[in-house]
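I opened a new notebook page for this structure. My entries follow in the order I looked things up.

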Amino acid sequence: MSAVLTKEQESARNILETFARYGVRKTSMEEIANAAGVSRQSIYKKFGSKKRCHEWTIDTYLSVMYGRIFAALTNDQQPPLQTLHQVFDIFIGDAIEIVSNSHGTEILDDVFQSEKCSGDDWPLRLKTRLADFLARHHLVSDEHADGIAFTLIAAGKGLLLEESSRDQFRREMSIIIDSVVAVKN
């Protein structure tokens with residue numbers, strides 16, 4: 001993960017990786033505390049239960065991930081195609097690192113369920129902002145922007161299930177982006 005995270009965000013990331021490694025049920029409060037770099041008592045004091053810690057971890061992961069994506073989509077300091085690659089590396093590349101753990105798919109399912117139940121409606125906001133980005137930078141026509149955004153997101157999620165490394169994901173996603181986005185020279 002390339003962004004600079006706060007200590008709390010880093011703790012959430014480390015806890016999420018711990019859940020992905022051992023599974024939510026088998027992860028002990030001691031392992032959670034070690035991942036966060038605090039005492040077990042601090043974890044109990046902050047969350048009260050493993051379930052609440054798990055929910056907080058996923059909520060924090062999603063808000064950080066989407067915050068980074070939305071910041072990238074509004075940053076006009078780099079070429080649009082580079083931004084597009086960065087967005088999908090944040091969206092899926094980070095998740096590959098989690099899914100590659102023995103209980104990673106369980107955590108991924110929890111993340112997807114949380115997204116569906118969230119009042120933030122992250123997936124719709126991503127599709128809308130990505131479509132706006134594609135049209136604003138003339139990478140696709142206005143009339144096709146929503147469909148292309150949906151296609152890129154679905155293809156990225158499909159690669160998440162196929163690829164076992166971030167580098168392989170980047171190569172495959174690059175092929176997809178180049179195939180569906182009109183590259184203007």
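**Loop residues with positive phi**

I looked up Asp-121 and found it partly exposed, at 35% relative accessibility. My cut-offs: buried is under 20% relative accessible area, exposed is over 50%, and partly exposed is in between (1.4 Å probe, protein chains only). Asp-121 sits in the loop between H6 and helix H7 (122–136). Helices (H or I, at least four residues) and strands (E, at least two) are DSSP runs, numbered from the N terminus. The phi of Asp-121 is positive, near 50 degrees, and the residue is not glycine. Most residues other than glycine have a negative phi.

I then turned to His-138, in the loop between H7 and H8. Its phi is near 55 degrees, again a positive value in a residue other than glycine. His-138 is exposed, with a relative accessible area of 58%.

**How I read the model**

This is a predicted model: local features need pLDDT of at least 70, side-chain atom pairs count only at pLDDT 80 or more, and totals for chains, interfaces and linings use all residues. Residues are numbered from 1 along each chain as its sequence is written, and side-chain values use heavy atoms, with hydrogens and water left out.

**Helix H1**

Helix H1 (residues 7–22) has 16 residues. From first C-alpha to last it reaches 22 Å, close to the 22 Å expected at 1.5 Å a residue. That expected span is 1.5 Å times one less than the number of residues.

Which residues of H1 are buried? I listed Ser-11, Ala-12, Arg-13, Ile-15, Leu-16, Thr-18, Phe-19 and Ala-20. The buried residues pack against helix H2 (29–36), H4, helix H5 (80–99) and helix H6 (104–117).

Tyr-22 also lies in H1. It counts as partly exposed, at 33% relative accessibility. Leaving aside neighbours within four places in sequence, Tyr-22 is in contact (heavy atoms within 4.5 Å) with Thr-27, Glu-31 and His-103. Tyr-22 and His-103 are 81 residues apart in sequence, yet 6.3 Å apart in space, C-alpha to C-alpha. Just after H1, Gly-23 takes a positive phi of about 90 degrees.

**Annotated spans**

I checked the UniProt record, an unreviewed entry. Its "domain: HTH tetR-type" annotation covers residues 5–65. That span is 79% helix and 0% strand, with its end C-alpha atoms 11 Å apart. The record's "DNA-binding region" covers residues 28–47. Here the chain is 80% helix and 0% strand, and the end C-alpha atoms are 14 Å apart. UniProt positions are given in the numbering used here, feature names are shortened, and annotations may be inferred rather than shown by experiment.

**The core**

A nonpolar core is a set of buried Ala, Val, Leu, Ile, Met, Phe, Trp, Tyr and Cys residues joined through side-chain atoms within 4.5 Å. The largest one has 57 residues. Tyr-66, Ile-69, Leu-84, Phe-88, Phe-91, Leu-134 and Leu-152 touch the most other members. Helix H4 (residues 50–74) gives the largest share of this core, 11 residues.

Not counting residues up to four places away in sequence, Leu-152 touches Leu-84, Phe-88, Leu-134, Met-173, Ile-176, Ile-177, Val-180 and Val-181.

**Last look: Ala-71**

Ala-71 is in helix H4. It is partly exposed, with a relative accessible area of 43%. Ala-71 and Ser-49 are 22 residues apart in sequence and 33 Å apart in space, C-alpha to C-alpha.
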